[in-house]
Amino acid sequence: MKVVITGATGFIGQALVPALCTRGDEVVALSRDAARARARLPAGTTAVTADLQSAGAWTEALAGAAAI
């Protein structure tokens with residue numbers, strides 16, 4: 001299942017993302033700084049910069065998500 005998460009590097013996200021990855025889910029993290037998020041998240045997690053002022057890669061990342 002594809003799951004899109006905000007706050008993936010925060011207090012709850014640090015536990016939630018690895019649990020979802022272990023379960024076999026495709027995890028996409030929306031972040032203000034995708035490079036920094038990639039460094040902190042488990043391998044296999046996709047990090048996308050979310051500039052909420054305009055559409056872009058982050059809106060495309062929502063396609064096909066079962067949960068946000």
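The accessible surface of the protein amounts to about 4,200 Å², and carbon and sulfur atoms contribute 57% of this area (Shrake-Rupley method, 1.4 Å probe; for residues, only the protein chains shown count as cover). The structure is a predicted model, in which local features need pLDDT of at least 70, side-chain atom pairs count only at pLDDT 80 or more, and totals for chains, interfaces and linings use all residues. Residues are numbered from 1 along each chain as its sequence is written, and side-chain values use heavy atoms, with hydrogens and water left out.

Three helices and three strands make up the secondary structure, arranged along the sequence in the pattern β-α-β-α-β-α. These elements are DSSP runs numbered from the N terminus, with helices (H or I) of at least four residues and strands (E) of at least two. The C-alpha atoms occupy a box of roughly 30 × 25 × 20 Å along the principal axes. Of the contacts with a separation of 6 or more, 45% involve residues 24 or more positions apart, a contact being defined by heavy atoms within 4.5 Å.

Of the 68 residues, 35% count as buried (under 20% relative accessible area; exposed is over 50% and partly exposed in between; 1.4 Å probe, protein chains only). Valine 27, located in strand 2 (residues 26-31), counts as buried because its relative accessibility is 1%. Its C-alpha atom is separated by 6.0 Å from that of lysine 2, which lies 25 residues apart along the chain. Beyond its neighbours within four places in sequence, valine 27 is in contact with Val3, Ile5, Val17, Leu20, Cys21, Gly44, Thr45 and Thr46.
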